Amino acid sequence: MPIPMDKILQEIADQAYYASSLRRNGVQPTRDVFLAEVLGELEASGDAMRFVDAKGRIAWMATPRLRDYLQDLELEAEEDLEDEF
Amino acid sequence: MHGRERTTIALSTEAVRANLLRLETEWEMVQESRDRDAIYGYLTTVFELVVCWAKEGKAVKRACRALYLRRHHSEREPKPFAAVILCTADRGKLDDRMRSKWSRVLRYAAEYKGLDEPLRDFIKRRGGINKCASRFARRLGRGRPDRAAQRQA
C-alpha cells in the first residue's frame with residue numbers, strides 16, 4: 001500500500017529513488033521500503049512530519065520549515081531570472 | 001487491509017527532537033504574535049503530533065521519550081498532550097494550571113472533533129478554550145470513563 005504524502009515530499013522521494021536506482025547494482029529494496037527510509041531521514045532532519053489525514057490514515061507532509069526554504073529558493077530563482085533579462 | 005500492509009516508519013530519537021523543535025518554534029511565534037488566535041496555531045501542532053502518535057498506538061511511550069529528551073522526570077504515566085506542552089512551551093510563561101487546561105481541551109478535541117474540522121473551528125464552535133476544558137471535566141474527567149486516554153495509549 002503506498003505511503004500517502006504531499007506533492008513536495010513525493011517529488012523529493014521520487015528523485016531520491018531514481019538516483020538510488022541508478023547507483024545500485026545489486027538488490028534494490030522495494031519502493032515502499034526505500035521511501036520509508038527517505039521519510040524517516042527527512043523527519044529526523046526536521047523536513048517532514050507525519051499527520052493523520054482526513055481519511056484517518058497516517059500521511060506525510062513537508063514541515064513549514066522546508067516549505068519556507070523552498071519558497072525562498074523559488075523567489076531567489078525568480079529574481080535571478082529577472083536580473084538576467 | 002487490502003493486499004499488502006502499510007510500511008511502518010519508526011520514529012527515531014532525532015525525529016522526536018525535530019518534532020519538539022518544530023513545536024518550540026510554533027510556541028515562539030505565538031509569543032511574538034499580537035493575534036489573539038495565535039495560540040490555536042500552537043495547540044493545533046501539539047494536537048496533530050499527539051493524535052498521530054496515538055493513531056500509531058504509541059502516544060504514552062513517545063511522550064515519555066520526549067520528557068526524557070527534555071530532562072523532565074515523571075513518576076506517573078504522563079498524559080501525552082500535557083507532556084508535549086511541557087516539553088515545548090516556555091515554563092516561565094506557562095503555569096501548570098494553564099498547561100493542564102490546554103491538555104484537557106486537546107483531550108476533549110481528540111474525543112469529539114471530526115477529522116476534517118480545524119481544531120480552532122472546533123474549539124470556537126464549542127464555546128472556546130475555557131468551555132472545552134470544563135466540557136472535558138464533565139464528560140471525560142476524573143471518575144468518568146476516560147475514552148480519550150484509552151485512545152491515546
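User: Where is the place of Tyr69(A)?

Analyst: Tyr69(A) sits in helix 3 of chain A, residues 64-84. Keep in mind that this is a predicted model.

User: How do I judge whether Tyr69(A) is buried, exposed or partly exposed?

Analyst: Count C-beta neighbours. A residue needs 20 or more within 10 Å to be buried, and 12 or fewer to be exposed. Tyr69(A) has 13 C-beta neighbours inside 10 Å, so it counts as partly exposed.

User: How many residues apart in sequence are Tyr69(A) and Phe51(A), and how far apart in space?

Analyst: They are 18 residues apart in sequence. From C-alpha to C-alpha, the two are 20 Å apart in space.

User: Now the strands. What is the order of elements in chain A?

Analyst: Chain A has 3 helices and 2 strands. From the N terminus on, they run α-α-β-β-α.

User: What lies between strand 1 and strand 2 of chain A?

Analyst: The two strands form a hairpin, with 5 residues between them. Check the backbone angles there. Gly56(A), in the turn, has a positive phi of about 80°.

User: Which residue has a positive phi although it is not a glycine?

Analyst: Arg71(B), with a phi of about 60°. Arg71(B) belongs to the loop between helix 3 and helix 4 of chain B. Arg71(B) counts as exposed because it has 7 C-beta neighbours inside 10 Å.

User: What radius of gyration does chain A have, against a compact globule of 85 residues?

Analyst: Such a globule would have a radius of gyration near 12 Å; chain A has 16 Å. The C-alpha trace of chain A spans about 45 × 40 × 20 Å along its principal axes. Then check burial: buried residues make up 19% of the 85 residues in chain A.

User: What share of the contacts in chain A comes from residues 24 or more positions apart?

Analyst: Take the contacts with a separation of 6 or more. In chain A, residues 24 or more positions apart account for 46% of them. In chain B, the figure is 57%.

User: How many helices and strands does chain B have?

Analyst: Chain B has 8 helices and 0 strands. Buried residues make up 35% of the 153 residues in chain B.

User: Which residues have the most contacts inside the largest nonpolar core?

Analyst: This core has 40 residues, and those with the most contacts inside it are Val46(B), Val50(B), Val84(B), Val105(B) and Leu106(B). Helix 2 of chain B gives the most, 11 residues. Another core lies apart from this one, with 13 residues, among them Leu42(A), Met49(A), Trp60(A) and Ile9(B).

User: How do I find the buried side of a helix?

Analyst: An α-helix has 3.6 residues a turn, so residues three or four places apart point the same way. Take helix 7 of chain B: Cys132(B), Ala133(B) and Phe136(B) are buried. These residues are on the same side of helix 7 of chain B because they cover an arc of only 105° around the axis. On the other side of this helix, Asn130(B) and Arg138(B) are exposed.

User: What do the buried residues of helix 7 of chain B pack against?

Analyst: Helix 5 and helix 6 of chain B.

User: Last, the interface. How many residues does the contact take from chain A and from chain B?

Analyst: The contact takes 19 residues from chain A and 21 residues from chain B. On the side of chain A that touches chain B, helix 2 (31-44) and strand 1 (48-52) each supply at least two residues. Helix 2 of chain A gives the most to that side, with 7 residues. By type, that side of chain A divides into 11 nonpolar, 5 polar and 3 charged residues.

Methods:
Residues are numbered from 1 along each chain as its sequence is written. Chains are lettered from A and ligands numbered from 1 in the order in which they are written. This is a predicted model: local features need pLDDT of at least 70, side-chain atom pairs count only at pLDDT 80 or more; totals for chains, interfaces and linings use all residues. A nonpolar core is a set of buried Ala, Val, Leu, Ile, Met, Phe, Trp, Tyr and Cys residues joined through C-beta atoms within 7 Å. Helices (H or I, at least four residues) and strands (E, at least two) are DSSP runs, numbered from the N terminus. The arc is that of the directions from the helix axis to the C-beta atoms. Two residues are in contact if their C-beta atoms, placed from the backbone, lie within 7 Å. The radius of gyration is taken over C-alpha atoms; the globule rule is 2.2 Å times the number of residues to the power 0.38. Ala, Val, Leu, Ile, Met, Phe, Trp, Tyr, Cys and Pro count as nonpolar, Asp, Glu, Lys and Arg as charged, and the others, Gly among them, as polar. Two strands pair if DSSP finds at least two bridges between them.
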